[in-house]
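Welcome to a short tour of a protein fold. Take a moment with the picture, and then we will walk through it part by part.

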Amino acid sequence: MDSSKPKVIDEVFPYLRVYEDGTIERLHGTEIAPAGFDPRTGVSSKDVVLVPETGVSARLYRPNLPPKNKKLPLVVYFHGGGFFISSAGDPKYHHSMNNLVATADVIAVSVNYRLAPEHRLPAAYEDSWAALQWVASHSAGGGGGEAWVRDEVDFERVFLVGDSAGANIAHHLGLRIVGSGLDQKMNVVGIVSVHPYFWGEEGIGSEAMAKDPVRKAMVDKWWQFVCPSGRGNDDPLINPFVDGGPRFKDLGCDRVLVCVAERDILRDIGKLYYETLVKSGWGGRAEIMETEGEDHVFHIFQVDSDKAQRLLTCVASFINH
């Protein structure tokens, strides 16, 4: 054994290790694909710093030859990764975003929020909120200087889209935007929640969890690693079904699409999210799509598969109809 190597004091298996000297080693989600023109889809992208003080940035996407004098819907995208790995520049997310922008014919802002444990929650929520404020600054008279957003976005057609932890973020921003003033600058028409990451101290979807107790124990630990609130997995940020949490009926959009996957340990939670929203008194329209035979965020890991393309087509249809 190499005694000179620092001792591991915390680990989020199999993704990340924390050493006693403060070093953090990420084992996944560290690769970065460069922004630029994608010849496969014709989509262009570039990286923009949104908040210089914190370093929060985004990768912007623009479809090939957007029609002149026609404004496009805007997707504000929040990537997954448990709040502790991955980024907007992750090659898998970059590939997926190129596909989404080309298929749906939208402008996209893929948010690069800060990660735990360097920046524990609520940092990711605050960074994502700052990204929405940046977007809103480009609506009429706002003074925002990014031409792709200022000149080509229809601010009456804004969508919050996320997978896993990003879907969690989209939900909470959809609640926060109501009465914030941002809802006067842009209209969040809908939220797309792909394999949403919610959890709880008591098992939700006990059958799936009983079949995979090792995976359940792993997911149990994730939230406590990223959020030091002391409320564990019943913090309303991770368990929106607990008493005293924000009310689903106050969600600030007209439409929601929830996507779940048959083999995902979060499948039943995604279904409960959909059912709770429908029964809450919220005045919008909710839809749910289930992909058979697939696991959590399969569409990111198998981005060009037929099933991933069907999911993408469903999201594009939701945005454009």
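Predicted model: local features only at pLDDT ≥ 70, side-chain atom pairs only at ≥ 80, totals over all residues.

## Getting your bearings

Helices (H or I, at least four residues) and strands (E, at least two) are DSSP runs, numbered from the N terminus. Residues are numbered from 1 along each chain as its sequence is written.

Let us begin with an open sheet of 9 strands, whose order is 4-5-6-8-7-9-10-11-12 and whose pairing is mixed. Two strands pair if DSSP finds at least two bridges between them. At the edges of this sheet are strand 4 (37–38) and strand 12 (285–291), each pairing on one side only.

Now look inside the sheet. Strand 6 (residues 56–62) and strand 8 (residues 107–112) run antiparallel and are joined by 5 bridges. In this pair, Arg59 stands opposite Ser110 of strand 8. Helix 4 (residues 165–176) packs on the sheet and touches strand 7 (72–78), strand 9 (153–163) and strand 10 (188–194). Touching here means contact, that is, heavy atoms within 4.5 Å. The direction of helix 4 makes about 135 degrees with that of strand 9. For such angles, axes are lines fitted to C-alpha atoms, for helices over the stretch in contact, and angles run from 0 to 180 degrees between N-to-C directions.

Strand 2 (residues 16–19) pairs with strand 3 over 3 bridges in the antiparallel sense. Within that pairing, Arg17 has Glu25 of strand 3 as its bridge partner.

## A pocket and a cavity

Next, the spaces. On a 1 Å grid over the protein atoms alone, a cavity is a set of points where a 1.4 Å probe fits but cannot get out; a pocket is an open set with protein on both sides within 12 Å along at least five of seven lines; and lining residues have an atom within 4 Å of a point. Grid points are joined across faces, edges and corners, and a volume is the space filled by probe spheres set on the points. The largest pocket holds about 590 Å³ of space. It has 27 lining residues, and the closest to its centre are Tyr15, Ile85, His296, Val297 and Phe301. Which helix gives the most to the lining of the largest pocket? That is helix 6, with 4 residues. The lining of this pocket divides into 13 nonpolar, 8 polar and 6 charged residues. In this count, Ala, Val, Leu, Ile, Met, Phe, Trp, Tyr, Cys and Pro are nonpolar, Asp, Glu, Lys and Arg are charged, and the others, Gly among them, are polar.

A search of the whole structure finds 1 cavity of 30 Å³ or more. The largest cavity has a volume of about 160 Å³. Of the 16 residues that line it, Ser96, Leu100, His299, Leu311 and Leu312 lie nearest its centre. The lining of the largest cavity comprises 12 nonpolar, 3 polar and 1 charged residues.

Two peptide bonds deserve a look. Phe13 and Pro14 are joined by a cis peptide bond with omega of about 0 degrees, and Pro14 lies in the loop between strand 1 and strand 2. Another cis bond runs from Leu121 to Pro122, with omega near 20 degrees. Pro122 sits in the loop between strand 8 and helix 2 (123–136).

Then try Ser86, whose phi is positive, near 80 degrees, in a residue other than glycine. Ser86 is in the loop between strand 7 and helix 1. Is Ser86 buried or exposed? Ser86 counts as buried because its relative accessibility is 8%. Buried means under 20% relative accessible area, exposed over 50%, and partly exposed in between (1.4 Å probe, protein chains only).

Notes:
Heavy atoms only, no water.
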